[in-house]
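Below are my entries on what I looked up, in the order I got to it.

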Amino acid sequence: MNTISANDFLPVEELRRLQLEKLQRIVAYEYERVALFRRRCDERGVKPRDIVTLKDIAKLPFMIKTDLRDEYPLGLTAAPMEEIVRFHCSSGTTGKPICIPNTAGDVEVWAEATARCLLMFGLSAKDILQVTYGYGLFTGGLGLHYGGEKLGCAVLPIGGGNTDKQLMLMQDLGVTAIACTPSYFLRIMDVAREKGIDFRRDTKLRHGIFGAEPWTDEMRAKIETTTGIVAHDIYGLTEVSGPGVAGSCPYCERETPGLHIWEDHYYPEIIDPDTLEPLPDGEAGELVFTTLDRFGTPMVRYRTRDLTRLHVERCKCGRTARVMDRIHARSDDMLIIHGVNVFPSQVETALLSVPEVEPHYQIIITPTDTLDLLEIKVEIRSESFSDDIRALETLRKRVFNAVKAIIGVSPRITLVEPGSLPRSEGKIKRVIDNRRK
Ligand code: DLL
């Protein structure tokens with residue numbers, strides 16, 4: 001057994017004991033250092049000493065994304081700045097991002113969790129790992145980078161874009177594994193086809209490490225049959241660390257392989273998103289995490305909004321970490337486009353910054369063979385409506401820039417006549433996501 005994965009196989013009782021110890025430690029730490037958490041615990045009349053069993057976690061308050069936005073930038077930071085070594089950020093529900101400071105220990109635990117995924121996928125120090133996730137505030141690039149290095153892989157930190165160069169280096173260096181969003185890999189497959197590159201014949205690629213956005217079993221099958229690689233699913237979120245919180249088990253005998261959650265670091269619960277009551281293993285609901293080993297910004301009962309189910313039965317591979325279903329849906333309105341988290345409210349904020357357009361708009365996402373198309377239809381104000389094509393094109397570009405600056409994804413902007421978009425007397429349907437059909 002590799003020392004990185006020693007905790008994968010802990011007997012269940014030992015794992016539960018370890019989790020309880022760590023839970024008690026992190027709750028006491030958070031209570032002492034984070035005012036919002038302390039206030040919410042006090043309002044419920046719960047003290048750290050009330051956490052006597054793992055079930056007592058249900059006494060604690062939840063955290064949600066808007067808490068991170070409201071406490072932006074550092075209100076939930078528990079460690080002093082001299083212990084913080086890195087910030088990561090992710091989209092908030094409006095223009096401001098959420099900000100997660102990490103200590104050196106947090107980065108180390110996260111690298112270990114990601115390395116455990118890679119090891120389970122079948123990678124080793126012999127592999128060359130091309131990291132095509134974005135480097136920077138997004139956790140994908142640096143997360144896979146540190147995880148790959150921890151396992152001893154030779155990491156190629158190329159980041160996203162420049163598909164020709166991706167393929168050239170993949171071939172020249174004999175890359176054996178690539179980590180990127182599944183949608184970007186489809187783009188790589190397309191460019192390879194145009195260039196006459198056959199993955200089986202012309203590359204050494206064997207593993208794809210895909211995540212950051214939902215992807216279907218059909219897409220997995222298409223990738224595997226076209227390229228001959230094994231497509232692994234890696235899951236995670238910025239608030240809890242980044243990629244590597246869970247990974248799909250290649251030994252799983254289900255048709256759709258489940259993902260082991262590294263529960264010695266990230267304690268999972270499933271709750272009913274309406275009643276907020278905990279649900280037993282086997283029932284579908286919203287995934288909630290408590291970070292057991294993070295000290296920069298610990299999260300206690302963080303509501304991910306991702307919908308899934310924890311399996312009742314243990315996995316055949318012998319790992320005791322519980323398994324969850326792949327994530328296909330969320331309980332909020334967050335959209336993931338090209339791996340980037342986008343809230344409709346951000347689009348609205350951007351549109352409202354352009355005085356010539358009305359706050360009547362529609363967001364339409366359409367799958368294509370490669371990257372999904374994000375179209376925003378927006379009505380022009382009647383005073384600004386004209387037949388002057390040049391003026392309209394200038395306005396379209398301004399709207400494009402305003403939206404791109406906030407959401408970070410390039411939309412196709414379609415300006416439409418005043419009054420032409422549907423109106424509603426009830427709840428208006430602004431998002432048409434054709435990927436869900
Ligand atoms: O997407 C971290 C990540 C990077 C995961 C690279 C995997 C690979 P955020 O930007 O904070 O972090 O977005 C987190 O993305 O709550 C899910 O809704 C979605 N998501 C992440 N991984 C998967 C996956 C990164 N494998 C949000 N399948 C999460 C489905 C995923 N959805």
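Which side chain is joined to that of Glu-239 by a polar contact? I looked it up, bearing in mind that this is a predicted model. The partner is Lys-65, and the polar contact between the two side chains is 2.8 Å.

I wanted to know where Glu-239 sits. I found Glu-239 in the loop between E7 and strand E8 (243-248). Buried or exposed, I asked of Glu-239? Glu-239 has 4% relative accessibility, and buried means under 20%, so Glu-239 counts as buried.

I stayed in that loop for Ser-241, which is also found between E7 and E8. Ser-241 has a phi near 155°, a positive value in a residue other than glycine. I noted that down because most residues other than glycine have a negative phi. Ser-241 comes out at 1% relative accessibility and therefore counts as buried.

**Entry: around the ligand**

Next I went to the ligand. I got 22 residues around the ligand, and Ala-212, Asp-233, Ile-234, Thr-238 and Asp-306 come nearest.

Which element gives the largest share of the shell? My answer is E7, with four residues. Helix H5 (139-151) and strand E7 (230-236) each supply at least two residues of this shell. I sorted the shell by class and got 10 nonpolar, seven polar and five charged residues.

Then I checked polar atoms against the ligand. A polar backbone atom of Ala-212 lies 3.1 Å from a nitrogen atom of the ligand. For Glu-213, a polar backbone atom is 3.4 Å from a ligand nitrogen. On the oxygen side, I found a polar side-chain atom of Asn-341 at 3.1 Å from an oxygen atom of the ligand. How much of the ligand's accessible area does the protein cover? The ligand has 610 Å² on its own, and the protein covers 98% of that.

**Entry: the loop between E12 and E13**

I moved on to Thr-297, whose place is in the loop between strand E12 (284-291) and strand E13 (302-309). Thr-297 has a relative accessible area of 1%, so I wrote it down as buried. What lies 2.9 Å from a polar atom of the Thr-297 side chain? I found the backbone oxygen of Pro-101 there.

Arg-301 lies in the loop between E12 and E13 too. Phi of Arg-301 is near 55°, again a positive value in a residue other than glycine. I also checked cover: Arg-301 is at 1% relative accessibility, so it counts as buried.

Then came Arg-305, which lies in strand E13.

**Entry: H3 and what follows**

I looked up Asp-70 and placed it in helix H3 (residues 65-70). Asp-70 has 53% relative accessibility, and exposed means over 50%, so Asp-70 counts as exposed. How far is Asp-70 from Met-299, in sequence and in space? I got 229 residues in sequence and 15 Å from C-alpha to C-alpha.

I then checked the peptide bond from Tyr-72 to Pro-73, and it is cis, with omega near -5°. I flagged that bond because most peptide bonds are trans. Pro-73 is found in the loop between H3 and strand E1 (84-90).

**Entry: helix H11**

My last stop was helix H11 (residues 389-407).

I listed the buried residues of H11: Leu-395, Val-399, Ala-402, Val-403 and Ile-407. Looking down the axis of H11, I saw its buried residues fall within an arc of 110°, so they line one face of the helix. I jotted the reason beside that spacing: an α-helix has 3.6 residues a turn, so residues three or four places apart point the same way. On the other side of H11, I found Arg-390 and Ala-405 exposed.

Conventions:
Residues numbered from 1 in each chain as written. Predicted model: local features only at pLDDT ≥ 70, side-chain atom pairs only at ≥ 80, totals over all residues. Heavy atoms only, no water. Near = heavy atom within 4 Å. Polar contact = N/O pair within 3.5 Å; in protein donor to acceptor, adjacent residues only side chain to side chain. Areas by Shrake-Rupley, 256 points an atom, 1.4 Å probe, with all protein chains shown as cover. Nonpolar A, V, L, I, M, F, W, Y, C, P; charged D, E, K, R; others polar. Buried < 20%, exposed > 50% of the residue type's maximum accessible area, 1.4 Å probe, protein only. Arc of directions from axis to C-beta.
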